[in-house]
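Hello,

Here is the structure I promised to pass on to you. Have a look at it first, and then read on for what turned up.

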Amino acid sequence: MTGQPAKENFTNGLFADELIFHPSSEFKDNANIQDSRIYLDAEENWLEYWNSQASKLSWFKKWDFTLQWEQCFAKWFVGGSLNVSYNCIDRHLNEGRKNKAAIIFEGEPGDSRVLTYQDLYREVTKFANVLKDMGVKKGDRVSLYMPMIPELPIAMLACARIGAVHSIVFGGFAVESLRDRINDAGSKVVVTTDGGYRRGKGLPIKKNVDKALEGNTSVEKVVVVNRTGAEIEMQEGRDLWYHQLMKDAPIGCPAEPMSAEDMLFILYTSGTTGKPKGVVHSSGGYLVGTSSTFNMVFDIKEDDIYWCTADIGWITGHSYVVYGPLANGATTVVFEGAPNYPEKDRFWEVIEKYAVTIMYTAPTAIRAFMKWGDQWPAGRDLSSLRLLGSVGEPINPEAWLWYHKNIGKERCPIVDTWWQTETGQIMVSSLPGINATKPGSASMPLPGLEIDVVDPAGNPVPAGNSGLLVIKRPWPGMLSTVYKDPERYLEQYWSRFENMYFTGDKAVKDKDGYFWMLGRVDDVINVSGHRMSTMEVESALVDHPAVAEAAVIGKSHEIKGQAISAFVTLRDTHTFGDELVKELKAHVATKIGALARPDDIFHTAELPKTRSGKIMRRLLRDIADGKALGDTSTLANPETISGLKENYTE
Ligand code: WTA
């Protein structure tokens, strides 16, 4: 990149002071994708484009049809058969990568392990045999509730090897969220750990599992990895230690030929209702989508050390810590810790220690680093870095510029990648060797994709105007359905517009075709890049005996992007006060997880509602953000507003 940004005159008024950064000629000349014709070629025949990407994987049987599209349900690479774990491990053993580091693990306490591709083969095939021995068969579900340790990708790949479906539950979720997800998936086995580390303190991982399995459950066995040595109870007949099972397990386990459309995993994500959706990803399409985008967006080279800081419990970790990198035979860093433990330079220490070349992180982390001060990254050697990435929420230009200057040292291109749990793969991003980047814009759709900004009637809006973000043609990484709920799949994504996938996001496309993402239009909130539904938090609040009604909104927050604010009305039996606020916050944290704990809770005699009884969250958002209130004419109880406003500004 040139150190000096060229200022361009920008006319739509939205982004008045626009900056443009170009990749350096050195980066361009060495990039995996150097020719912008890739966009045109893919456009000319997008199915052929995906065929050529799919051919880079190893198939047991080639597909007969690239795509079968039936009333919004897509089947990719129909007739083809492959195994994801084979593609992520075995084929690299014969391609000179046997001794290459597949996973570099950095534990929170500073312990470290490197697993070569040969090591990964051994561990994965052994654990696949363990699962088989327990009676896990093709199509059975296995829930994984673990911190960021190598046994997590090992368990994922072991499931993929025998055709079992994994369902990972982020370790930050508490008992109830875990229970719902295990039950909905109907898992036969849970793989977990005794405990976990969080900024030097212990996480009660196994205890949460024990509570989640109380009562009726489909779970027959719980495999426990010894991570912290925490004192736990092992239930006779149900709970088994990982290390004991692995001791005698044989090495080598055939990779089950899976049809391209067979389920690879379920990942629960928040939607607009209280109940999370089980997003289903297939084997073939998903791997084609993630491996090809990983290669081109991250410009991966044989000797890169790549680090995505996301937790594997989220889609970013599935696609770009595990499957994308390993399918490319890359070296991926798995980091268990937090950015500020033991000190605020832990990330930079990790980069220095392993000479990381590519870093992929979230805007919320970048904003925290900005606040902590430039001295932390300045004290470490970051000269190995050559490319930076951002994901999870819109990155504000200030954070982009800080990242560019203090981490990329004005040398590394930044790829701002827009995508979703449902899209499986990156959808909008620059290709770092081709496109100039504009801080705050995710650039443009990747080759082969058709993405647009439309008005409520589905017509494209003129450049520079905001509208709804839609995807106009299928793509291989797309979700196949919502687990056990195809109706919800249709309703959520395909009912708003005919033959267009509705993302739930709003965006602007500028005159150069660059997309500027503007956040969600539905009741999904994004707290520190973690996706949550307002309804989920509301039901946790209403579950408390004091609360009669609750409305939850995302309020702008300097670091988190959005923070949770809750408005509650109380039952007559209770009075509002600091004690109750504390109790309610704790209640949400124990039910959903600390990530859902509201920042503020406000009391109101009544919630603002439309005449049809719908809570007007828009008004609450405006109040919370201190904005002028929009149209209140549809309000059934306008008098609530003045009371609320006073209460809020107190
Ligand atoms: C938001 C995370 C702006 C968006 C991969 C989307 C982004 C939601 C970006 C999906 C980005 C993700 N710029 N917004 N680069 N990346 N988002 O399912 O609102 O956890 O709909 O997937 O995050 O969140 P999810």
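A word on terms before we start: the helix axes below are lines fitted to C-alpha atoms over the stretch in contact, and angles run from 0 to 180 degrees between N-to-C directions. Please also keep in mind that this is a predicted model.

Let's begin with helix α17 (residues 534-542) and helix α18 (residues 578-591), whose axes cross at roughly 120° and come within 9 Å. Angles of 65 to 115 degrees count as roughly perpendicular and those over 145 as roughly antiparallel, and α17 and α18 are therefore oblique to each other. Their crossing is right-handed. On the α17 side you will find V537, A540 and L541, which meet L584, H587, V588 and K591 of α18. Sorted by class, that contact has 5 nonpolar, 1 polar and 1 charged residues.

Among the residues making the contact are L120, Y121 and F127 from α5, and I154, L157 and I162 from α6. By class, the contact has 12 nonpolar, 1 polar and 3 charged residues.

Then there is the ligand. Which of the 17 residues around the ligand come nearest? They are D416, T417, T421, D505 and R531. A polar side-chain atom of R531 sits 2.6 Å from a ligand oxygen atom, and one of D505 lies 2.7 Å from an oxygen atom of the ligand. P394 uses its backbone instead, with an N or O atom 3.4 Å from a ligand nitrogen.

Technical notes: Residues numbered from 1 in each chain as written. Predicted model: local features only at pLDDT ≥ 70, side-chain atom pairs only at ≥ 80, totals over all residues. Heavy atoms only, no water. Helix = DSSP H or I, 4+ residues; strand = E, 2+ residues; numbered from the N terminus. Parallel < 35°, antiparallel > 145°, perpendicular 65-115°, else oblique. Left-handed = near helix turned anticlockwise from the far one by under 90°. Contact = heavy atoms within 4.5 Å. Nonpolar A, V, L, I, M, F, W, Y, C, P; charged D, E, K, R; others polar. Near = heavy atom within 4 Å. Polar contact = N/O pair within 3.5 Å; in protein donor to acceptor, adjacent residues only side chain to side chain.
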